Amino acid sequence: MTERETVATAPGKPAETAAIDRRLVPPMVLGSVLNPINSTIIAVALVPIGAALGASPAQTAWLVSALYLATALGQPVVGRLIDLFGPRRLFLASTSLVGVAGVVGTLAPDLGTLIAARVVLGFGTCAGYPAAMALLRAEARRTGQGSPAGVLTLLAVANQTVAVIGPLLGGLLTGLGGWRSTFALNIPLSLLAVTLGALRLPKQLPKQLPEDLPKDLSKDLPKQEKQERSSDAPGPLERIDLPGMALFAALLLSLLLFLMHPHADRWYLPPLTLAAAVAFTVRERRAAHPFIDVKVLGGNTPLLATYARALAAYVVAYAFLYGFAQWTEEGFGLSPLQAGLVQAPTFLVGIGVSVLAGRRGGIRAMLLTGAVGQIAACLLMLALGGHSPLWELLVLAVVFGIPQGANGLALQNSVFLQSDPARTGSSAGLLRTFAYLGSMVAAAATAAAYGPHAGTAGMHQLAWIMLAAAVLFLLLTVFDRTLRGLRTPPAAAPR
């Protein structure tokens, strides 16, 4: 019997000295970055795609929104399925779809097919992050590390690294092989992810009982969750809440469709969203095994505040990623590769900030640092124009790197510490859902600000919207007393 198996079956003795299983790290990291790499790689390809297919910025914005619409719908659903069935099967099925999307996107004859490929890609990237968080929760229990800070930081840094590579790689691929090569990249990535997942992910995670959990993970577990872990609990299939999932999808889909085009002729969408929200809440409160336990979630104010902060933070982050990138090409006159190079300092600085913040562990300090960085960057955007020197764009990119590194790590660690251990996958999925909702707001704001051309006036209008979201993020952080003392304890990195 291996050391890993000994610890899993007898967690009392060796757990104190056990290390996170390093074989799990490559598939966890690769799966979690599939979505961000596809977010960033297309940022500098939107203008070439629009030129090739005769589409305006408002139309190509659907390439961004399609990915996040699918992922926002899919992540909490897949996350809940991971909680019930384990990460392996969901990881393999989802990452296989990434390859399918790569083939469809590479061969797409028109914008509609390209948008469909991005939808498939969104569903394909759903499992990576919830699977990684679920595996970390299981490893935390097995090793006795209440919060594996080393790997949590590694995930954040990996996402930052991919964000560095994405725009540069997108510009390079577009320059060498055209924008279709940005879709073709998903084919080898999918093959690698499926191979690593098949070889290294465990077929079944050890069963979690309340008495086996570290104190910081087992306190205040709701009675229902303790019953679900007991020997007479119903099987996983009996705990799949299909009606709840369907109502959640209707709620989110109607909301996001309205956010993408908030016009008077779509007046019926907000009432539909409200009706779906009411029906979803009633259903989940009465369900024996709800998809999202609104009773528990409603009583978990710190976690709700974290989701609200994620929404505000990612409005700013994605508006900069897409909106500012389009302005640097159309309003400032850079090539796709040059636009990617201008954004590189953002993510390089973000990596450094994530590493430093991960060592300190103070979540409130990270959030306050990110809030101030966002506000400063938005003010700098308002000072830019078509005749600004290039170094001012680079300064802006450096400043945006501060919240890029601080906010992502702080929000991720907050969810890990604040969520119910039995619902780690779905809680992590919901974090990404709120992030993608922020991306939808950012895409809608970008489309409304620019219209047919990404000019300086539109960029300034977008910056004001971003500034409002940044101020909201600051207020949500300053007035949240539950953040005081919340920190990720030091933990050993995987070895």
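View A. Asp-241, at 2% relative accessibility, is buried. The two residues form a salt bridge, with 2.6 Å between the closest N and O atoms; the term denotes a side-chain nitrogen of Lys or Arg within 4 Å of a carboxyl oxygen of Asp or Glu. The pair links distant parts of the chain, 42 residues apart: Arg-283 belongs to helix 14 (residues 269-286), and Asp-241 to the loop between helix 12 (223-228) and helix 13 (242-260). Helices are DSSP runs of H or I with at least four residues, numbered from the N terminus.

**View B. The salt bridge between Arg-309 and Asp-480.** The closest N and O atoms of this pair are 3.0 Å apart. Because Arg-309 lies in helix 16 (residues 301-330) and Asp-480 in the segment after helix 21 (456-478), the contact ties together parts 171 residues apart in sequence. Both Arg-309 and Asp-480 are buried.

**View C. Arg-80 and Asp-83 within helix 4.** Their side chains meet in a salt bridge at 4.0 Å, N to O. Both residues lie in helix 4 (residues 57-85), 3 residues apart, about one turn of the helix. Arg-80 is buried at 2% relative accessible area, whereas Asp-83 is partly exposed at 21%. The structure holds 3 salt bridges.

**Notes.** In this predicted model, local features need pLDDT of at least 70 and side-chain atom pairs count only at pLDDT 80 or more, while totals for chains, interfaces and linings use all residues. Residues are numbered from 1 along each chain as its sequence is written, and side-chain values use heavy atoms, leaving out hydrogens and water.

Key:
Helices (H or I, at least four residues) and strands (E, at least two) are DSSP runs, numbered from the N terminus. Buried means under 20% relative accessible area, exposed over 50%, partly exposed in between (1.4 Å probe, protein chains only).
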